[in-house]
Amino acid sequence: MSSQDEQFQAAAPEPEASSAEDGMTWWYRWLCRIAGVLGGLSCAFAGLWNCVTINPLNIAAGVWMMLNAFVLFLCEAPFCCQFIEFANAVSAKADKLRPWQKAAFYCGMAVFPVVLSLTLTTLFGNAIAFATGVLYGLSALGKKGDAISYARIHQQQKQMDEEKLTGTLEGQPL
């Protein structure tokens, strides 16, 4: 096997192991990754556009946005950074993070340039990167319960309420 194949095998997560850990389905994991790549593209283009100005805060926000794009590509799509030696190692470590940690990291990364320079370019450029964090945050909440368990809980609560109501009526003199 070539070294490139070994790097690909090292960076590719085990589908069974990672799904069991965080409870994400394969299609949701791909949705998050695609959102991360699109967020990286939007950050890169908007960051470059933001740097074409004389305002130093806009330049700083643009540089930060391009750094966000690099981090998003590095974590979500290491094949885009195949000529960087440590890309697969960083991606493997990012895959080990819990979804809420990724959510906090991506949302924090996306909010900083907006706080630094509040313009339409920074808002729209970081929107998809922030959405990636939101997607990871939603996956951290877990799956929605099934209707049967909710109906059972509702029935138990209803029964307890009826028992309390009859208990108070029986205990009170008429």
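At 3% relative accessibility, Tyr136 counts as buried, where buried means under 20% relative accessible area, exposed over 50% and partly exposed in between (1.4 Å probe, protein chains only). Before going on, a word on the source: this is a predicted model, where local features need pLDDT of at least 70, side-chain atom pairs count only at pLDDT 80 or more, and totals for chains, interfaces and linings use all residues. Residues are numbered from 1 along each chain as its sequence is written, and side-chain values use heavy atoms, with hydrogens and water left out.

Let's look at the aromatic rings. The structure holds four aromatic pairs. Rings of Phe, Tyr and Trp (its six-membered ring) pair if their centres lie within 6.5 Å; planes under 30 degrees apart count as stacked, over 60 as edge-to-face and the rest as tilted. Here are two of the pairs:

| Pair | Distance of centres | Angle of planes |
|---|---|---|
| Trp64 and Phe112 | 4.6 Å | 55 degrees, tilted |
| Tyr106 and Tyr136 | 5.8 Å | 55 degrees, tilted |

Trp64 sits in helix α4 (residues 56–76) and Phe112 in helix α6, so their pair ties together parts 48 residues apart in sequence. Trp64 is partly exposed at 30% relative accessible area, and Phe112 is partly exposed too, at 38%. Tyr106 is buried, at 2% relative accessibility.

Helix α6 covers residues 99–116, and its 18 residues should span 26 Å at 1.5 Å a residue, which agrees with end C-alpha atoms 26 Å apart. That expected span is 1.5 Å times one less than the number of residues. Among the buried residues of α6 are Lys102, Tyr106, Ala110, Pro113 and Val114. Seen down the axis of α6, the buried residues fall within an arc of 150 degrees, so they line one face of the helix; the arc is that of the directions from the helix axis to the C-beta atoms.

What about Asn126? Asn126 lies in helix α7 (residues 120–141) and is buried, at 2% relative accessible area. Leaving aside neighbours within four places in sequence, Asn126 is in contact (heavy atoms within 4.5 Å) with Cys43, Met65, Asn68, Ala110, Pro113 and Val114.

Notes
Helices (H or I, at least four residues) and strands (E, at least two) are DSSP runs, numbered from the N terminus.
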